[in-house]
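Here is a short report on one protein chain. Look over the sequence and the 3D view, then read on.

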Amino acid sequence: MTNSQAAAVQRLGVYVLSSDLKRSREFYGAIFGTAPKIETDVFMGFDVAGGLFAVISKQTFAPDAKLGGNTVPYLKVDDIQAALQHVETIAPDALKAPGLISEGPISLFKVADPDGNILEYYSLNTPIDGL
């Protein structure tokens, strides 16, 4: 193995594909409670917790890709109940299962966007160093 130093990551970003950017803009604008920070005809990016959550045109960037299930971003929140209530209010049909799922020290819920991409909101029930 060659000796090499990893690049210093300055910001984490993730993107999901969309077949209809206008529909995705409305969905993610409501979910995140804000407009995109960056927007073109084929790309939009939301500033989410210091990272860039992008929604890109499937037709332009990945015409042969299958929609949904390509990436599962995790979004950490302090108040998981409030986050769940927000999604239940603005997009109840987007929830993948009712209520919270608890897995050890993590509580989470899953949301599907109009193209079937999954988001998971999570919070820690007990502190974990670095998370």
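In which strand is Ser107 found? Ser107 sits in strand β7, residues 106-112. Helices (H or I, at least four residues) and strands (E, at least two) are DSSP runs, numbered from the N terminus.

## About the model

This is a predicted model: local features need pLDDT of at least 70, side-chain atom pairs count only at pLDDT 80 or more, and totals for chains, interfaces and linings use all residues. Residues are numbered from 1 along each chain as its sequence is written, and side-chain values use heavy atoms, with hydrogens and water left out.

## Around Ser107

Ser107 is buried, at 5% relative accessible area. Buried means under 20% relative accessible area, exposed over 50%, and partly exposed in between (1.4 Å probe, protein chains only).

The side chain of Ser107 makes polar contacts with two others: Ser102 at 3.3 Å and Asn125 at 3.0 Å. A polar contact is a pair of N or O atoms within 3.5 Å; within protein, one must be able to donate a hydrogen and the other to accept it, and residues adjacent in sequence count only if both atoms are side-chain atoms.

## Helix α3

Helix α3 spans residues 80-90, and its buried residues are Ile80, Ala83, Leu84 and Val87. Seen down the axis of α3, these fall within an arc of 100 degrees, so they line one face of the helix. The arc is that of the directions from the helix axis to the C-beta atoms. An α-helix has 3.6 residues a turn, so residues three or four places apart point the same way.

On the other side of α3, Gln85 and Thr89 are exposed. At the N-terminal end, Asp79 caps α3: a side-chain oxygen lies 3.2 Å from the backbone nitrogen of Gln81.

## Salt bridges

How many salt bridges are there? The count is three. A salt bridge is a side-chain nitrogen of Lys or Arg within 4 Å of a carboxyl oxygen of Asp or Glu.

Arg23 pairs with Asp115, with the closest N and O atoms 2.7 Å apart. Arg23 lies in helix α1 and Asp115 in the loop between β7 and β8, so the pair ties together parts 92 residues apart in sequence. Arg23 is partly exposed at 32%, whereas Asp115 is buried at 9%. Another salt bridge joins Lys110 and Glu120 (3.4 Å, N to O). Lys110 lies in strand β7 and Glu120 in strand β8, so this pair ties together parts ten residues apart in sequence.
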